[in-house]
Amino acid sequence: MLLIACPWCGPRDEIEFQHGGPSHLQRPEPFDAVSDEIWGEYLFFRDNPKGVQKERWLHAYGCRRWFNLARSTVTHEVLAAYRMGDPAPAGLLEPPATGGLA
Amino acid sequence: MSGRRLASGGLIDRTRPLSFSFDGRRYNGFAGDTLASALLANGVAVVGRSFKYHRPRGLMAAGVEEPNALVQLIDGARTAPNPRATEIELYPDLIARAVNCWPSARHDLGAVAGLVKRFIPAGFYYKTLMWPDWRWFEPFIRRAAGLGKPTDQPDPDRYETRFAHCDVLVVGAGPAGLAAAAAASRGGARVILCEQERHLGGRLAWDQAEIGGESGAVWVRRMAQTLAAQAETTVLTRTTAIGYFDHNALALLELVTDRPDDDQSAVRQRLWQVRAKRVILATGALERPLVFPGNDRPGVMLASAVREYLGRFAVRAGDEAVLFTNNDAAYATASALLKAAGRVVAIVDSRRHPSKQITGPLEAKGVAILPGAVVIATRGHPELTAVKVRDSSEVERWLTADLLAVSGGFNPTIHLFRQSGGRLCWDDAQALFKPAVSVQAETSVGAAAGVLTLSAALRDGQEAGVRAAEQTGWPVAESEPPRGADKRREDSLAIEPLWRVAAPGEAFVDFQNDVSTDDIALAVRENFVSVEHLKRYTTLGMAPDQGKTSNVNAIGVVAELTGRSIEETGTTLYRFPFTPVAFGALAGRNRGELFRPVRRLPAHAVHDAAGAVFEEYGGVMRPAYYPRAGETPHQAEQREARAVRECVGLFDASPLGKIEVVGPDAGAFLDRVYANTMSTLKVGKARYGLMLNELGVIIDDGVTLRLSQDRFLVGTTSGAAARIAAWLDEWLQCEWPHLQVLVAPLTSALATLALTGPRARTALERAGCSIDISADAFPHMSWREGVVAAVPARVARVSFTGEVSFEISVPARQATGLWTRLLQAGEPFGVEPVGVDAWMLLRTEKGYFHVGVDTDGTTAPGDVGWGHVLRRKTDFIGRRSLTRPTNLRDDRLQLVGLDPVDGIAGQGFLPIGAHLCSAGSTRASDGYVTSSGFSPTMNRAVALAMVHAGERRIGEILTALAPAGRIRVRIAKFGAFDPSGERLDG
């Protein structure tokens, strides 16, 4: 159960939100000049990072605004929450967990 | 068998004797017993049969780690399959049976499985039972697999869910946990302490330890009083923390009442979802057994469990005991047994030089100490009668014993820690895995952190409690930690790992799933050397006990067999839940009527009064049909459909989506969202539109009205209203935030009633309508506002039936009154209320496709006759996908109508989903039926279908495969009734 800080409402339980896939996808345009490969990549290909992922979330049972989270796919730690349309904050680095068995 | 209850002692209440039954025989116990302790007290040695080989098994442990004593708890609708006898609190007239055996645990016909043992080692089902057809074996395997049986009655009890937030959550109220909670609570922090047992203190409650001069039990009472005095502290007993999730969210399962009886308000179990700023895990440690041939015979028990049965339940597990150990801790069990008038025959210590300080006192009492010795076999039918020992000089002999107490070391209970994402390390000196790196705001204390002595655990707990209070903003003054004076030695375990005894015979590692060292060796031979592969190949650690007594031993065995270190071998993942959870607890209040909210129409009451039969469509209860006395559903549907074509029908269309899209850029926005152009729609007019997703797939259709220059009312399919409103919002917020548009869902604010049929106009006039509704003044696909039957309304000429239709929208609270008045007005013209069944039939014969019924997740506009959207010059969602190679194929499924060939009469319908075949085709299926019905107007069957390249094959004859047989159909253009649409021009 993630604790997600909606930029508009503050920290809320994950159950109030819906996940919306990765952030910062660029819709290829103009439609009559996009190759099948580029359009196919936009439709079907996604990065799968082990580390910081920027993703879209909707505060479905709250303010109903979309926003972005920078979240570690390894530890689930939320590194940043920022408004839809804003660029990702600079220098996001997940602190590595040192030592111990995997 | 003679009972072994001690005359005094234990936490049981001897003033409350209870009788219970196990495997059909009656026994007696006391309040405070568990089913396990009561069985042990009554000398019941065989409590179950092992999963695969049906070997007789006895109790091994006293707690959640018990692998053998799974029972069927028989209690009517509360019957529970597979609870562990060690966790069942004894109640009056309890009835339990052993599982996986027949007729009883002691005498089990399933024991024949033992005869074919060598043919069914680990993974046998990957190599056998496949020829000639695996399905021959399936019924036998199904019957043999599984343990207890669930009840088939609904759960009669109430379950609750509670959400809680706190500063510090302490899991476990043993010495370390109590110290931590007491310390953290002193500064006023909000503390939750949860404890699995009914009593606080863990083993301090019965262990005769001393803390700072007072007895452990008194110390526990003092801590409990400290906690009770704090207003912000909550102590939950009979509450197990079953899962550790992200961001310090934990799930706790509280057992409130085992038998709520007839008290309807009593809650049986409560699931707590807690978010804590800091978590302290004081979950203790579980003893692990030793691995040697014959180690699964009834009578072989964990040494600490023998001590717990003595101290907590006043039950002596045997009269003549042998101990087998590789560490110091088991010696305490020997002392405890002697104190309880038991005889300890020998202590078999695998270490060559156990400390004299430990062995001396017992030797003085006449106990034989055998250093550097191991147990290599056991004997007994079925309960233990003798133990075979091989001493340091390789001499072997049998010792008479009815109890073999074993200790292979201790495993800190790190399950929750691992679930939190934390990383372990291997403590070589103590031969255990313990927490090393925390990933969340959590600390482990006491035995859970590998701190195994009492004083150190108390100190550990207190320090963690003080630290947690400080970190959450509620600092406490430090106080002198209490000194624990453990009556046993305070030093280290002095453990020397012994992962398996080298001797012939079957040695079990996982008792619950019947996995032996031979199975592990087999897996290693077949190269399943990763622990994750080993687990799945042998099923070790996959039983309900999730390997609590077997995982670490298995790692030790595998490490030896593959020549790796324990660290290199590693552990498997630990997953929620820590112990089994009833479905009811997870469901909470979300069951029955509260499982999924069902919506009703604003005019539900009048439909109900009219005798409507309701069904759920897209989450809304709607009338399927309004039967008259004696009518079948089909007859009602036919009558209603005929009424619409011949006179007039009244239909409640309120769930149709209505979304206002407002703003200077509303038209431009809708142009991007719809496959066809909307910005050219004139005020006062209506236009049908198709919406696509980025794959070019139709996700919705509906009629949009232009209310003003910058105001549109977007219509959606019933049931899609919320989804489409969210879709519009998503594109506006994420992709086109510069467009000045607002989206406002209005679906439930307005009720929409449709008057439809050749007499609809006259009925509406009679009801009273301020609008000029003549054909010239009010053409099809336009809207007007006015007063209908004395109610301000918006009227749209939109038709789903193909007849002249007036869709009248009013505020929802006016629905009931308007429905009644329209029915009254239409009475002289033969008006009938129309249900969804007839509505769907009417649109099917008109060829109006229904998104999600006639279309699926691949259907593009071109497949339903809307290829012309490609002529548009501007972009819209999905536009680019329509020119992908897959969308340009010439054999795509396309919408067609189907005409009957052999004159199907009456009930001979084409079933929806029936596949269509043609003789000349290379495909197994040329398509399938998507909608089907019988038209009373045309007196023939009507159907729509998706057929490969259907548009090019008009006139072709196909065969539909139906359960009733083969039915011949002819492909036609979709829209069998009134294809030119002239009935709409009226």
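**View 1. Five salt bridges are counted between chain A and chain B.** Welcome to the first close-up of this predicted model. One of the links between the chains pairs A:Arg56 with B:Glu730, whose side chains meet in a salt bridge at 2.6 Å from N to O. Chain A and chain B also have 15 residue pairs in polar contact, counting pairs with both residues at pLDDT 80 or more. Which helix gives the most to the side of chain A that touches chain B? It is helix H1, residues 36-44, with five residues. Sorted by class, that side of chain A has 15 nonpolar, six polar and eight charged residues.

**View 2. The contact between the two chains takes residues from both partners.** Chain A brings 29 residues and chain B brings 36 residues. The size of an interface is often given as the accessible area lost when the parts come together. Here chain A and chain B bury about 2,900 Å² between them. Of that area, 51% is on carbon and sulfur atoms.

**View 3. Helix H16 of chain B is mostly covered.** This helix runs over residues 633-646. How far apart are the end C-alpha atoms of its 14 residues? They are 20 Å apart, which agrees with the 20 Å that the helix should span at 1.5 Å a residue. In H16(B), 10 of the 14 residues are buried. Among them are B:His634, B:Glu637, B:Gln638 and B:Val644. What covers the buried residues of the helix includes strand S34 (620-625), strand S35 (649-652) and helix H21 (836-846) of chain B. The cover also includes strands S41 (750-756), S45 (832-833) and S48 (927-935) of chain B.

View 4. Is B:Arg639 buried or exposed? At 12% relative accessibility, B:Arg639 counts as buried, because the cut-off for buried is under 20%. Elsewhere, salt bridges that share partners join A:Arg27, A:Glu29, B:Glu694 and B:Asp875 into one network.

**View 5. B:Arg55 and B:Asp296 meet through their side chains in a salt bridge.** The N to O distance is 2.6 Å. B:Arg55 lies in the loop between strand S3 (48-49) and strand S4 (56-57) of chain B, and B:Asp296 in the loop between strand S16 (285-287) and strand S17 (300-302), so the pair ties together parts that are 241 residues apart in sequence. The two ends of this bridge can also be looked at one by one. B:Arg55 is partly exposed, with a relative accessible area of 22%. B:Asp296 is buried, with a relative accessible area of 5%. Over all chains, the count comes to 59 salt bridges.

**View 6. A salt bridge brings the side chains of B:Asp157 and B:Arg78 together.** The N to O distance is 2.6 Å. Which parts of the chain does this pair link? B:Asp157 sits in the loop between helix H2 (138-144) and strand S8 (158-171), while B:Arg78 sits in the loop between strand S5 (70-73) and strand S6 (80-84) of chain B. These are distant parts of the chain, with the two residues 79 residues apart. B:Asp157 is buried, at a relative accessible area of 4%, and B:Arg78 counts as buried at 14%.

**View 7. A cis peptide bond joins A:Glu29 and A:Pro30.** Its omega is about -5°. A:Pro30 is found in the loop between strand S3 (18-22) and H1 of chain A. In chain B, the peptide bond from B:Phe576 to B:Pro577 is cis, with omega near -5°. B:Pro577 lies in the loop between helix H13 (566-569) and helix H14 (583-587) of chain B.

**View 8. B:Asp23 has a positive phi, in a residue other than glycine.** The value is near 50°. B:Asp23 is in the loop between strand S1 (13-22) and strand S2 (25-31) of chain B, and counts as buried at 15% relative accessibility. Phi of B:Asn527 is near 75°, a positive value in a residue other than glycine. B:Asn527 lies in the loop between helix H10 (517-525) and helix H11 (531-538) of chain B. At 59% relative accessibility, B:Asn527 counts as exposed.

Technical notes: Residues are numbered from 1 along each chain as its sequence is written. Chains are lettered from A and ligands numbered from 1 in the order in which they are written. This is a predicted model: local features need pLDDT of at least 70, side-chain atom pairs count only at pLDDT 80 or more; totals for chains, interfaces and linings use all residues. Side-chain values use heavy atoms; hydrogens and water are left out. Contact means heavy atoms within 4.5 Å. Buried area is the accessible area (1.4 Å probe) that two parts lose on being put together, summed over both. A salt bridge is a side-chain nitrogen of Lys or Arg within 4 Å of a carboxyl oxygen of Asp or Glu. A polar contact is a pair of N or O atoms within 3.5 Å; within protein, one must be able to donate a hydrogen and the other to accept it, and residues adjacent in sequence count only if both atoms are side-chain atoms. Helices (H or I, at least four residues) and strands (E, at least two) are DSSP runs, numbered from the N terminus. Ala, Val, Leu, Ile, Met, Phe, Trp, Tyr, Cys and Pro count as nonpolar, Asp, Glu, Lys and Arg as charged, and the others, Gly among them, as polar. The expected span of a helix is 1.5 Å times one less than its number of residues. Buried means under 20% relative accessible area, exposed over 50%, partly exposed in between (1.4 Å probe, protein chains only).
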